[in-house]
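Open your viewer and get ready to click along. Each stop tells you what to select and what to look for.

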Amino acid sequence: ALLPDNVLADIAKKPPSRLPGFRFAGPRLHYGSSTVLLGDAIHTVKPYFGLGANSALEDVVEFDESVEEAGEEIGPALKVFTQRRAREAETLVRISRSFDRPKTLGFL
């Protein structure tokens, strides 16, 4: 056995763990002209989707493209990023929540 019986017994006594709430932090994905939210800070999804890291990397790509589009000006780039990414981020959360609790969506 990989684990001794007493360890398995202790594990079996533990209460079931709960997944965190899955929330969308929008509709604005930035604060002021110097702070942007990316990844789980704006769209938490269930871990078994395999989308968490992928969608965070998409955020980074979208932010980079937003900075380029705004002529390297960070303030305007943040607004562009929000316009480009907020709807998809909200959709990710809606899909994630719909599998366990239909018609429920959490917002910060």
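This is a predicted model: local features need pLDDT of at least 70, side-chain atom pairs count only at pLDDT 80 or more; totals for chains, interfaces and linings use all residues.

Residues are numbered from 1 along each chain as its sequence is written, and side-chain values use heavy atoms, leaving out hydrogens and water.

**Stop 1: the core.** Select Phe24, Leu29, Ile42 and Phe63: they have the most contacts inside the largest nonpolar core, which has 13 residues. Such a core is a set of buried Ala, Val, Leu, Ile, Met, Phe, Trp, Tyr and Cys residues joined through side-chain atoms within 4.5 Å. Buried means under 20% relative accessible area, exposed over 50%, and partly exposed in between (1.4 Å probe, protein chains only). Now colour helix 2 (52–69) and helix 3 (74–98), which each supply at least two residues of this core. Helix 3 gives the largest share, six residues. Helices here are DSSP runs (H or I, at least four residues), numbered from the N terminus.

**Stop 2: Ser66.** Move to Ser66, in helix 2. Is Ser66 buried or exposed? Ser66 is buried, since its relative accessible area is 0%. Beyond neighbours within four places in sequence, Ser66 is in contact (heavy atoms within 4.5 Å) with Ala77, Val80, Phe81 and Arg84. Its side chain reaches the backbone nitrogen of Phe81 at 3.4 Å.

**Stop 3: Ile11.** Finally, select Ile11 in helix 1 (residues 5–13). Ile11 counts as partly exposed, because its relative accessibility is 45%.

Notes: A polar contact is a pair of N or O atoms within 3.5 Å; within protein, one must be able to donate a hydrogen and the other to accept it, and residues adjacent in sequence count only if both atoms are side-chain atoms.
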